[in-house]
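Have the sequence and the 3D view ready.

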Amino acid sequence: MESALRVSISYGRDLTRIVATRTMPWLVVWFHNIVVGVYLLSVFRKVRSAIDLKSWDNWFPLGVIAAFVLLGIPVALGVFDFGLAGKDADRFQVVYTDIGIQTTAGIFAIVISLSLVAIQFAAQEYSHRIMEYYVRSVIFWSTLIVYLGIIVLAMLLQARSDGFESPRTVALVLIASILAVALLIPHFIVTASYLKPDFIIEKLLRRISTKYVAGLKLTSTGEVDVAPRNDRLLPVVEITERSIDRGDLTTTRSAIDRVIALQFELKSVVSGAVIDRYFADHLTRIGRKAVNQSDEEEAAARAIKALERIGAEGAPVIAAERIDLLGFIALRNGSDGAVEQMIHSLSVIAVTQQNEVLFKVIDSYQALVGRLASGGYDQLLIMLADRVSELADQVPSGVNILSRYLDLLESIGHDAADNRLIRVVLHVINVIRDRGVSIASNDAAEANAIVLRMLRIEQAMNSSEREALAVIGFARAEVEQAPKGSKVNRQPDELKNGESASDDGFSDLWDED
């Protein structure tokens, strides 16, 4: 029994030694392969995210390289050798030297030099970052690695040549040389695309992902905490500013539209005020650049309209502040189109907002009135009066807001009278008259207050403007005498001085809505 136990133990020890000797190396190999595989997978994921395979300029050259790699597999296995078997050594030397080294090296030097010169011109025109992005691009490194790899391989093979070359090796060098030539097609196409600012802008905007904007934070002062080096939207702004300098309205328009489209695309996934402020700050910078250019009214108006959309769909205070800033800069620089867009955009933001934003818009309008009147901008004042009237019509409740609108209308009329802008005065009187008649049946006190407003505007008029004073007097009397429930008589037959309304020069005012 004891001897049998010893034999069993000895047998178990020997079996364990055999299993360990034969199995452990395989376990180590498999463990090593698993670790290497996991590492390569993580590297592949990082490379894939950095390369951005969704962009055609990345997968185009990689696709060409992959096609030739697949073509090289049967050559490497000896299935196909281009008929080189049995050829003499001199022909192999031609493949190594004339094709593999001289031709490839010559093409490489010319292609890289011309490409870098062209990209440098584009960088000087738009942004220095274009050269940086091109040097880091897939097409640049693909061309560099393929050409240098072929040259080095051909040199090594030539150095080791003993006159008995393998046709398989020569065929692989030949395929690599054809790849180098074929790679010129995507190289030139992609390089030419880098010369177009729209292409660069599209690539830069793709870098702004939901993960990136989710990591943005606000400082204690309410500013977006992002360093210029890490600001992925800043290069787009710089290219847009250079486009404004060059008068490239197409690029400017495209950039603004793409930026605002990206903002709402990201906002549908990641919520937060930081996104609105981040994009609003950069659009404001574009707008400031545009309003400071005398011939870029359309670009400035487009930037303000983009801010209007931000304000109307979630960030009214942020948008109103920046629109107000751009509008006054545009007024100072004589950009009427941008000021007109400012007036319109603020009214759009104010329509669906609460009192805080409404008061801010009214304050902006109030500050604008005096400057427009002193500058003689009668058309803009008329537009402003119309926008104020439209906002007053949409007041849901609250006499305070309505009173502020009427104060603003009176201010427009008063300042226009001081600056003898008769057309504006009569337009404001027409607007106030319509409102006074419409509320007379419901609120006699407010109707009387409107009459007093018209009197104050009338007193600010120059006494020599008799025809205008007559029209104002008639409008005031119409409010005073409006019976309860009666409709407004929009076309008077005669004025107070007995002249016909059809020939007094102001009859067209009564036809305005």
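Start in helix 21, which spans residues 466-480. Arg476 and Glu480 sit 4 residues apart there, so about one helical turn separates them. This is a predicted model. The two side chains form a salt bridge, with 3.9 Å between the closest N and O atoms. That distance falls inside the cut-off, because a salt bridge requires the nitrogen and the carboxyl oxygen to be within 4 Å. Arg476 counts as buried, at 14% relative accessibility. Glu480 is partly exposed, at 48%.

The structure holds 23 salt bridges.

Asp407 forms a salt bridge with Arg453, and their closest N and O atoms are 2.5 Å apart. Asp407 lies in helix 18 (residues 399-418) and Arg453 in helix 20 (residues 444-460), so this pair ties together parts that are 46 residues apart in sequence. Asp407 is partly exposed, with a relative accessible area of 34%. Arg453 is buried, with a value of 7%.

Glu410 belongs to helix 18 and Arg453 to helix 20, so the contact joins parts 43 residues apart in sequence. Both Arg453 and Glu410 are buried.

Key: Residues are numbered from 1 along each chain as its sequence is written. This is a predicted model: local features need pLDDT of at least 70, side-chain atom pairs count only at pLDDT 80 or more; totals for chains, interfaces and linings use all residues. Side-chain values use heavy atoms; hydrogens and water are left out. Helices (H or I, at least four residues) and strands (E, at least two) are DSSP runs, numbered from the N terminus. Buried means under 20% relative accessible area, exposed over 50%, partly exposed in between (1.4 Å probe, protein chains only).
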